[in-house]
Amino acid sequence: MVQRKTRNPEQTRNDLLDAAYTEILESGFQAASLERILANTSVSKGALYHHFGTKRDLGLAVIQEVIGPQLEGRWFNMLAQHSDPIRGLLKLIEEKIASADESVIRYGCPLNNLIQEMSPLDESFRQGLQKIIERWVEVVAEALKEGQASGKVRAGTAPQDIALFIVASIEGCVGLGKNAQSVTAYQRCLKQLQVYIQSLAV
């Protein structure tokens, strides 16, 4: 039995969010169990409902406070470090290819999983997920626009449309790899996306 510990409210909230994220990733939101979430923390049921009135509230918080910031750290901040968006995008995708393992095809992308599961069922989920997608597309589009201005990205292309395609391709590669249960399929798909991105260079 997990020993209950005294902790500050912020730590309690973070522990619940981390455990809920893992549970949702492994089981999906609808099948996620609050009992399993509590079992993986030292938090009481009363504390859970103090921070999150319902399971739905907890799920929405995971989208806003865990999945969104994850993408910020893995993509947005890293892309901002590169003056050449083509090189930056290629490096980010190369890192995804190199780090691909069984967990990628077992669990897929938490963002994409929730889009497929919850967007048709709950408008608040759909809106929260859409904000993350729109932010992702906008960051990539802005990087491409700056690349055009600095002569590193071909003129005459539409950064917003290209960014949407890149995001959709990445999510599609994860989904196809997950369904095929093949790391190789996932990597092959991303490599073809690299070929496309390279074609945008001047």
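Okay, let's start in the middle of the protein: the largest nonpolar core has 62 residues, and of these Trp75, Leu111 and Trp136 touch the most other members. By nonpolar core I mean a set of buried Ala, Val, Leu, Ile, Met, Phe, Trp, Tyr and Cys residues joined through side-chain atoms within 4.5 Å. Helix 8 supplies the largest share of this core, with 11 residues. Buried, here, is under 20% relative accessible area, exposed is over 50%, and partly exposed is in between, with a 1.4 Å probe and protein chains only.

Before I go on, this is a predicted model: local features need pLDDT of at least 70, side-chain atom pairs count only at pLDDT 80 or more, and totals for chains, interfaces and linings use all residues. Residues are numbered from 1 along each chain as its sequence is written, and side-chain values use heavy atoms, with hydrogens and water left out.

Now the overall picture. We have 10 helices and 0 strands; helices are DSSP runs of H or I with at least four residues, strands are runs of E with at least two, and both are numbered from the N terminus. The C-alpha trace spans about 60 × 35 × 30 Å along its principal axes. Of the 202 residues, 45% are buried. As for contacts, meaning heavy atoms within 4.5 Å, take those with a separation of 6 or more: 70% of them are between residues 24 or more positions apart.

Leaving out residues up to four places away in sequence, Leu111 touches Ile67, Leu71, Leu129, Ile132, Ile133, Trp136 and Glu171. Leu111 is one of the buried residues of helix 7, along with Pro110, Asn112, Leu114, Glu117 and Met118. And what do the buried residues of helix 7 pack against? Helix 1, helix 4, helix 8 and helix 9.

On to the aromatics. A search of the whole structure turns up 3 aromatic pairs. The rule is that rings of Phe, Tyr and Trp (its six-membered ring) pair if their centres lie within 6.5 Å; planes under 30 degrees apart are stacked, over 60 edge-to-face, and the rest tilted. Trp75 and Trp136 make a tilted pair, 5.6 Å centre to centre with 55 degrees between the planes. Trp75 is in helix 4 (residues 55-80) and Trp136 in helix 8 (residues 123-149), so this pair ties together parts 61 residues apart in sequence. Trp75 is buried at 5% relative accessibility, and Trp136 is buried at 2%.

Then there's Phe165 with Tyr196: the ring centres are 5.0 Å apart and the planes sit at 75 degrees, so that one is edge-to-face. This pair also links distant parts of the chain, with Phe165 in helix 9 (residues 159-180) and Tyr196 in helix 10 (residues 183-198), 31 residues apart.

Next, the holes. The largest pocket has a volume of about 620 Å³, and 26 residues line it, with Arg74, Lys96, Gly108, Pro110 and Tyr186 closest to its centre. For the record, on a 1 Å grid over the protein atoms alone, a pocket is an open set of points with protein on both sides within 12 Å along at least five of seven lines, a cavity is a set where a 1.4 Å probe fits but cannot get out, and lining residues have an atom within 4 Å of a point. Points are joined across faces, edges and corners, and volume is the space filled by probe spheres set on them. Helix 4 gives the most to the pocket lining, with 6 residues.

As for cavities, the search finds 1 of 30 Å³ or more. The largest cavity has a volume of about 40 Å³, and its lining includes Ile24, Phe29, Lys55 and Gly59. Helix 4 provides the largest share of that lining, 3 residues. Two of those names come up again: Lys55 lies over the face of Phe29, at 5.0 Å from the ring centre. That call needs NZ of Lys or CZ of Arg within 6 Å of the ring centre and within 35 degrees of the ring normal.

Last stop, the loops. Gln181, between helix 9 and helix 10, has a positive phi, near 50 degrees. Most residues other than glycine have a negative phi. Gln181 is partly exposed at 49%. Gly156, in the loop between helix 8 and helix 9, is exposed at 83%.
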